[in-house]
Amino acid sequence: MLIAWDARLEASRAVRESLGLLPGADEVHLVMVDPVEDEYRHGAEPGADAAAYLARHGVNVTVDRLPSLDHSVVDVLRRHALDIAADLMVMGAYGHSRLRERIFGGVTVSMLEDPSMPILMAR
């Protein structure tokens with residue numbers, strides 16, 4: 001399984017909602033694309049707190065920090081999901097206002113328009 005992690009409330013809710021599924025997975029990858037290391041988003045060690053939370057719940061978790069390299073976050077997530085043979089993606093939905101998502105697009109809209117695998121979303 002792949003968790004698209006951006007340290008926002010929506011991603012946290014998606015992780016909580018998926019806790020019934022995650023411990024049964026052989027592998028869970030907590031994936032961040034271009035994480036920002038600061039006290040307001042990911043902290044000094046991006047993904048560490050979320051990985052510790054998952055481990056306490058019996059999840060075999062690996063933290064993957066990926067650079068976008070001028071690709072969209074959606075493309076990076078999809079490519080990585082293929083690389084690790086993920087069966088399910090867990091992600092938060094609508095991190096921005098719905099109007100902004102509708103005008104400018106975003107990861108949520110792109111994933112919903114062309115899902116490449118089953119996706120568990122929470123808002």
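Colleague: Which residues are exposed on the other side of α2?
Modeller: D49 and R56. Exposed means over 50% relative accessible area, buried under 20%, and partly exposed in between, with a 1.4 Å probe and protein chains only. Helices (H or I, at least four residues) and strands (E, at least two) are DSSP runs, numbered from the N terminus.

Colleague: What sort of model is this, and how are residues numbered?
Modeller: It is a predicted model, with residues numbered from 1 along each chain as its sequence is written. Local features need pLDDT of at least 70, side-chain atom pairs count only at pLDDT 80 or more, totals for chains, interfaces and linings use all residues, and side-chain values use heavy atoms, with hydrogens and water left out.

Colleague: What is the mean pLDDT?
Modeller: The mean is 87 for the protein, and 87% of its residues reach 70 or more. pLDDT is the predictor's confidence in each residue, from 0 to 100.

Colleague: Where is confidence lowest, and where highest?
Modeller: Lowest in helix α4, residues 98-104, at a mean of 55. Highest in strand β2, residues 28-33, at 97. Where pLDDT is low, the predicted coordinates should not be read in detail.

Colleague: Back to α2. Which of its residues are buried?
Modeller: A50, A51 and L54. Seen down the axis of α2, these fall within an arc of 100°, so they line one face of the helix. The arc is that of the directions from the helix axis to the C-beta atoms.

Colleague: What comes just after α2?
Modeller: G58, which takes a positive phi of about 80°.

Colleague: Now α1. Which residues are buried there?
Modeller: In α1, residues 9-17, the buried ones are E10, A11, A14 and V15. They cover an arc of only 140° around the axis, which puts them on the same side of α1. An α-helix has 3.6 residues a turn, so residues three or four places apart point the same way.

Colleague: And what do they pack against?
Modeller: β1 (2-4), α2 (48-56), β4 (89-92) and β5 (119-122).

Colleague: On to the strands. How many bridges join β1 to β4?
Modeller: Three, and the two strands run parallel. L2 has M89 as its bridge partner in β4. Strands pair if DSSP finds at least two bridges between them.

Colleague: What about β4 and β5?
Modeller: They pair in the parallel sense too, over four bridges. Here the partner of M89 in β5 is I119.

Colleague: Where is I3, and what does it touch?
Modeller: I3 is in strand β1. At 1% relative accessibility, I3 counts as buried. Not counting residues up to four places away in sequence, I3 touches V15, L22, V28, H29, L30, V31, L54 and V90.

Colleague: How many salt bridges does the structure hold?
Modeller: Two. A salt bridge is a side-chain nitrogen of Lys or Arg within 4 Å of a carboxyl oxygen of Asp or Glu. One joins R8 and D6 at 3.8 Å, N to O. The other joins E45 and R65 at 2.5 Å, N to O. E45 lies in the loop between β2 and α2 and R65 in strand β3, so this pair ties together parts that are 20 residues apart in sequence.

Colleague: How accessible are E45 and R65?
Modeller: E45 is partly exposed, at 45% relative accessible area. R65 is partly exposed too, at 37%.

Note on methods
Contact = heavy atoms within 4.5 Å.
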